[in-house]
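Hello,

Here is the structure I promised to pass on. Please open it beside this email, and then read on for what turned up in it.

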Amino acid sequence: EGDLQPQGFIVFMVIFSQIIPPARSFATAFFNIQKGMASVERVNKILDAHNDIEESTNPQVLNNFNESIAFNKVSFAYEQQLVLKNINFVLKKGQILALVGASGAGKSTIADLIPRFYDVDEGEVLVDDIDIRQYRLEDLRKLMGIVSQEAMLFNDTVFNNIAFGIERKIERKEVIQAAKVANAHDFIMQLSNGYDTLVGDRGSKLSGGERQRLTIARAVLKNPPILILDEATSSLDAASERLVQDALFKLMQNRTSIVIAHRLSTIQFADEILVMKNGEVVEQGTHQELLTKGGTYEQLVKLQAF
């Protein structure tokens, strides 16, 4: 009486085979939901992070850069560690300011204070004689182009990476012209799909020099009046550095530039050089003036020449 008849067994197997796929789908969906919740938690942690940079309640309009960038008795600390102490300088429109010194001297921190990635603890940073905390943050950053040591690229086409961040509609000929200025057009045309080639996550399909030239092309296209170069050639081989350096020279023409450089041969043309040490400016002047002083800068030049 308890035996399973053949026809019943067949019916059972058919029903069982039909139940397995939806059951597996439910299990997969549940796993994906759990994984998604974990991702949402990490994303929300970033979105909900407190931002110390606060906009002025009645911000001033900043459409153009006309006169100068100035640091007036600026001091800054990361948490309790003082990294900048009483920094003073004036960079006039059209001039090039170079920052040199050992790692940890505070060079990058000075560059980060100008677009208000951080706010000063003491003193003030002035653009056209007005404290940058009085301007709209968006207006301030629109004036600036930044080329850093780490090339920020997205898993998209070459064209879209160069045109990234520009609000107006970009014509293809504009991107090509920017790439030519950045010494990037030739290698782009050798890619499988030219300007429509996907560069991979963070530009993984390109070499370091190629990635850096794309970010320079992006800055050329934006055409900012203020340029910040943070050791843009430090991680490149000699051949790539020559191409990138040539592109940077073109980019700096008729622009106000702040250049952080570890190779002193690249900043001899600067209008003013600040020599940094332990968060302070220990020497200040042109390349020739600093050499005649026979101080820290001269030692750095001799060390690199050696």
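A word on terms: Ala, Val, Leu, Ile, Met, Phe, Trp, Tyr, Cys and Pro count as nonpolar, Asp, Glu, Lys and Arg as charged, and the others, Gly among them, as polar. By that scheme, the lining of the largest pocket divides into 13 nonpolar, six polar and eight charged residues. A pocket is an open set of points on a 1 Å grid over the protein atoms alone, with protein on both sides within 12 Å along at least five of seven lines, and lining residues have an atom within 4 Å of a point.

This is a predicted model, in which local features need pLDDT of at least 70, side-chain atom pairs count only at pLDDT 80 or more, and totals for chains, interfaces and linings use all residues. Residues are numbered from 1 along each chain as its sequence is written, and side-chain values use heavy atoms, with hydrogens and water left out.

Back to the pocket: among its 27 lining residues, Arg-141, Met-144, Phe-164, Gly-165 and Lys-222 lie nearest its centre. The helix α7 (208–222) gives the most to this lining, with six residues; helices (H or I, at least four residues) and strands (E, at least two) are DSSP runs, numbered from the N terminus.

Now look at Leu-214. Not counting residues up to four places away in sequence, Leu-214 touches Leu-153, Val-158, Ile-162, Ala-184, Phe-187, Ile-188, Val-199 and Leu-206, where contact means heavy atoms within 4.5 Å.

Enjoy exploring!

How values were computed:
On a 1 Å grid over the protein atoms alone, a cavity is a set of points where a 1.4 Å probe fits but cannot get out, and a pocket is an open set with protein on both sides within 12 Å along at least five of seven lines; lining residues have an atom within 4 Å of a point.
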